Amino acid sequence: MIFVTCFENYFYALKKALGNETVYDVWPDFEPQYDEQEYAWTTLRGLGEVLLLNCGVCDGPSDLRHARCKECVNKRTKIANEAYQKAVGRSKEKWSTIFLCRIHTE
């Protein structure tokens with residue numbers, strides 16, 4: 001088994017400690033907490049137009065392998081695509097890159 005992050009290793013070890021390796025897939029379940037209107041797009045050299053989604057205070061893994069993250073990204077990408085259409089005057093078929101991030105301010 002190859003682990004992408006130390007968190008994956010941690011949660012794998014937790015499944016072993018619980019004695020139930022089928023208790024969850026890669027990540028435990030979580031309750032999403034985010035503002036679906038917190039997104040932006042920009043152009044980055046080498047990547048083209050990218051979509052930034054602020055995950056806010058969500059406890060999720062920011063990993064599209066988790067069904068809730070995938071559902072969130074699909075929903076918010078649709079919202080951003082509609083806003084892009086209104087602002088730019090053309091539709092956005094696909095973002096070259098989507099960044100899931102947590103923006104912290106004081």
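Visitor: In this predicted model, how many bridges join strand 2 to strand 3, and which way do the two run?
Guide: Strand 3 covers residues 97-101, and among its pairings with strand 2 are those of L51 with I98 and of L52 with F99. Between strand 2 and strand 3 the count of bridges is five, and the direction is parallel.

Visitor: How do strand 1 and strand 2 run, and how many bridges join them?
Guide: Strand 1 spans residues 39-44 and strand 2 spans residues 48-54, and the two form a hairpin with three residues between them, where G46 in the turn has a positive phi of about 90°. Among the pairings, A40 has L52 as its bridge partner in strand 2, while T42 has V50.

Visitor: In what order do the three strands form the open sheet, and which of them are the edge strands?
Guide: The pairing in this open sheet is mixed, and the order of its strands is 1-2-3. Neighbouring strands are turned against each other by 25° on average, direction ignored. Pairing on one side only is what marks the edge strands, and these are strand 1 and strand 3.

Visitor: Which strands does helix 2 touch where it packs on the sheet, and what angle does its direction make with that of strand 1?
Guide: In packing on the sheet, helix 2 touches strand 1, strand 2 and strand 3. Taken against the direction of strand 1, the direction of helix 2 makes an angle of about 70°.

Visitor: With which residues is T97 in contact, leaving aside its neighbours within four places in sequence?
Guide: T97 is found in strand 3, and from K78 it is 19 residues apart in sequence and 14 Å apart in space, C-alpha to C-alpha. Once neighbours within four places in sequence are left aside, the contacts of T97 are L47, E49, V50 and L51.

Visitor: How much space lies in the largest cavity?
Guide: A search of the whole structure with a cut-off of 30 Å³ or more finds one cavity. The space in the largest cavity comes to about 90 Å³.

Visitor: Which element gives the largest share of the lining of the largest cavity?
Guide: The lining includes F30, Y34, C55 and C58, together with R68, C69, C72, L100 and R102. By class, eight of the lining residues are nonpolar, one is polar and three are charged. Five residues, the largest share of this lining, come from helix 2.

Notes
Residues numbered from 1 in each chain as written. Predicted model: local features only at pLDDT ≥ 70, side-chain atom pairs only at ≥ 80, totals over all residues. Heavy atoms only, no water. Pairing = 2+ DSSP bridges. Helix = DSSP H or I, 4+ residues; strand = E, 2+ residues; numbered from the N terminus. 1 Å grid on protein atoms, 1.4 Å probe; cavity = no way out; pocket = protein on both sides within 12 Å on 5 of 7 lines; lining within 4 Å. Points joined across faces, edges and corners; volume = space filled by probe spheres on them. Nonpolar A, V, L, I, M, F, W, Y, C, P; charged D, E, K, R; others polar. Axes fitted to C-alpha atoms, helices over the stretch in contact; angles between N-to-C directions. Contact = heavy atoms within 4.5 Å.
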